[in-house]
Amino acid sequence: MLKSPFFLLSLAGLWSYAQAVTVYGQQGMTMPTGAASTAAAPGATESTTPSSLSWITNLAAYNNLTLVPPALPSPMPNTNFGITLRNNAANVNGLSVAQKANFLGFSIEMSVVQQVIGKNSSFIQIPFLNLLATIADRAGSVVVRVGGNTQETATLVDSLPNNEMIAKDKENASNPTDTPILDFTAEMLYLLANVSSLVNAKWYLGIPFNDTTNLRLEIAEAAEAILGDNVIAFQVGNEPDLYADHLHRDPGYNQTSYFNEFGIVVQAIQNDPKITSRGNLVAPSVQGTWSLDSVYATGFLTTYGDSISIVSVEHYPDNNCAAAFPDAGFGDPKNPQDVFANYLNHGSGQGLVSPYLSSIPAAIEAGKQYMMFETNTASCGGFPGISDSFASALWGVDYGLQMAYSNFTGALLHVGGQDVSYNPFTPPPTNLSSVKQWTIGPTFYSSIVIAEALGKTNTSRVLDLFANEANTYTPGYAIYENDALARLVLINFMSEQNGQGAYTATISVGGGDTGEANATPAQVKVKYLAAPTVAEKNNITWANQTLGGRFEGDGRLSGTEVIQTIACDTNANTCQIPVPAPGIALVFLSSGAQSAIDPSASQTFATTAVTKTANTVTVDASVLATSNGQSGSDRQLSSTSKGSSSAGRTAGVAPGLTLLAMVIASASVLTAAMRR
């Protein structure tokens with residue numbers, strides 16, 4: 001239920017007269033400074049920005065760095081190759097466990113909840129709702145974690161000054177990544193509950209773990225009462241293998257130390273009558289300094305098996321910490337151009353899951369889920385030019401499906417503030433929030449593709465095809481649903497150069513030496529994820545639809561959906577599937593496989609409330625900076641402050657309409673949030 005009765009306001013209540021003009025860049029207007037952008041590598045480009053808006057591109061989320069696509073591999077892989085598939089899952093070895101379509105969810109840093117999710121329980125960010133609906137319509141539901149480093153020191157309090165929902169204290173932060181200490185009220189939990197009343201969103205939350213001698217279980221107590229079954233589980237400890245390095249514990253803190261402290265939390269929950277759910281903890285969430293096998297060696301899984309529902313890890317393939325925190329001892333910054341190619345091959349995803357393969361069977365045998373609880377392209381905010389380019393979308397799909405194939409049961413893409421470049425979605429800066437929309441990152445497309453590839457039945461099993469003689473640039477996956485071949489995902493990491501790079505995969509279902517009858521359909525449907533190059537930041541499409549470029553997204557796909565129909569040769573038992581360079585082809589091997597995931601009527605949301613009723617006429621700063629204006633000699637004088645002038649209304653100006661286009665919270669205050 002919605003907490004506040006005025007959450008949904010009638011449109012009639014949104015009419016208002018313009019009483020002043022807001023002009024950006026004036027004295028007294030706070031302009032975020034952000035972190036310096038990464039210098040362009042040789043051959044890379046940085047697009048120009050009007051000087052009045054140059055501060056925007058200093059924020060990593062809006063950097064102008066465009067890298068140079070890597071050269072085509074030499075020798076080139078075969079660009080015409082065959083893939084033979086069995087139709088019956090019973091005849092296929094190596095299939096994954098059954099996977100859910102909401103496999104690839106989101107992890108939102110707790111400190112940026114007000115900016116990303118909503119100002120409070122009554123003012124929810126409309127683009128956020130639309131984005132969640134985009135996934136939920138395809139997957140049946142969407143999973144979101146609210147936590148991260150900031151959950152560790154967060155405290156639930158009765159109230160905050162000025163009715164704030166979250167308060168940050170960065171003055172007392174004592175760690176290399178400047179993680180702020182948080183206070184928050186139950187309003188945050190009501191906010192999440194109200195989101196779930198509109199979209200089928202389920203939540204992961206974190207129990208503070210910074211002081212186990214004075215445990216704070218209030219978030220679990222309140223969440224059970226407010227969120228009910230919309231809260232899936234509670235994380236206990238976020239990357240405990242970094243506690244000593246980040247000064248959160250004494251030197252020498254180890255796996256046994258964590259084992260003992262985790263037991264304190266388990267016992268406290270058992271003794272707390274306000275926490276009635278049991279067996280829903282997430283742990284140990286190590287990031288790689290400790291192996292999960294070394295945690296198992298303490299007896300962790302057997303001792304606490306009844307308390308744990310999810311065995312979790314967290315990992316990023318690289319880090320940009322030297323650039324994000326130049327004085328924290330991380331060494332010299334990495335040049336994004338130098339590591340660009342690392343994200344454009346199948347070996348990346350395979351290498352990322354490899355350290356966990358030995359620990360997954362024990363979790364499955366114990367009846368637990370196994371999740372990558374936080375990940376993205378690089379820690380400490382990602383790499384400009386990589387994390388926000390089409391390369392990350394390709395990488396995200398391959399990495400996600402490789403995890404699914406390896407029996408991970410879910411993964412969460414991390415979302416930080418505006419000082420990071422890897423966000424799947426980012427709201428505009430405060431002083432542009434009335435004239436600019438959201439920026440949707442390429443990795444959000446990864447979540448869409450994976451949702452559609454896996455389907456809503458929760459029976460899908462994934463197979464790495466090791467296609468094209470296991471070539472690292474042309475990987476492919478088969479999806480078996482209800483024990484039958486349903487979909488294929490074909491990936492091309494190459495960018496077309498001199499007419500080369502695209503490939504054609506000729507698929508055959510059954511026949512040959514498969515032991516099955518010919519089963520290639522008469523035709524298949526194909527959706528393409530496409531962009532001009534792997535370095536592209538804005539012109540990304542899914543089946544010809546887009547979520548928009550920088551400051552252009554409202555959370556809804558726009559444009560006409562185009563699903564290609566490809567005729568097959570049933571006599572030859574073959575079907576030729578072209579895959580652009582770069583791009584991804586999602587192949588539906590039956591009309592049912594496609595219609596099962598197609599959202600019949602996507603739920604979207606429109607503006608229902610405003611947060612300010614004066615000074616609401618806005619001028620885009622980029623327009624203002626290049627405007628010559630008009631003569632004011634024949635106009636009456638007015639004022640930029642309500643009620644401060646007796647002059648009449650300026651001639652020719654009609655009453656303004658303060659109906660905002662897509663956001664409930666028209667003022668989304670996005671401060672410099674901590675970077676992960």
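Student: Which cysteine does a disulfide join to C321?
Tutor: A disulfide (a pair of cysteine sulfur atoms within 2.5 Å) joins C321 to C380, with an S to S distance of 2.0 Å. This is a predicted model, in which local features need pLDDT of at least 70 and side-chain atom pairs count only at pLDDT 80 or more, while totals for chains, interfaces and linings use all residues. Residues are numbered from 1 along each chain as its sequence is written, and side-chain values use heavy atoms, with hydrogens and water left out.

Student: And where do C321 and C380 sit?
Tutor: C321 lies in helix 9 (residues 321–324) and C380 in the loop between strand 16 (369–375) and helix 13 (390–405), so the pair links distant parts of the chain, 59 residues apart; helices (H or I, at least four residues) and strands (E, at least two) are DSSP runs numbered from the N terminus.

Student: Is C321 buried or exposed?
Tutor: C321 counts as buried at 7% relative accessibility, and C380 is buried too, at 4%, where buried means under 20% relative accessible area, exposed over 50% and partly exposed in between (1.4 Å probe, protein chains only).

Student: How many disulfides in the whole structure?
Tutor: A search finds 2, and the other is formed by C568 and C575, with their sulfur atoms 2.0 Å apart. The torsion about its S-S bond is about -55°, so this disulfide is left-handed, whereas the link of C321 and C380 is right-handed, with 75°.

Student: Switching to the sheet, what is the strand order?
Tutor: The open sheet of 3 strands has the order 4-23-27, with mixed pairing, where two strands pair if DSSP finds at least two bridges between them.
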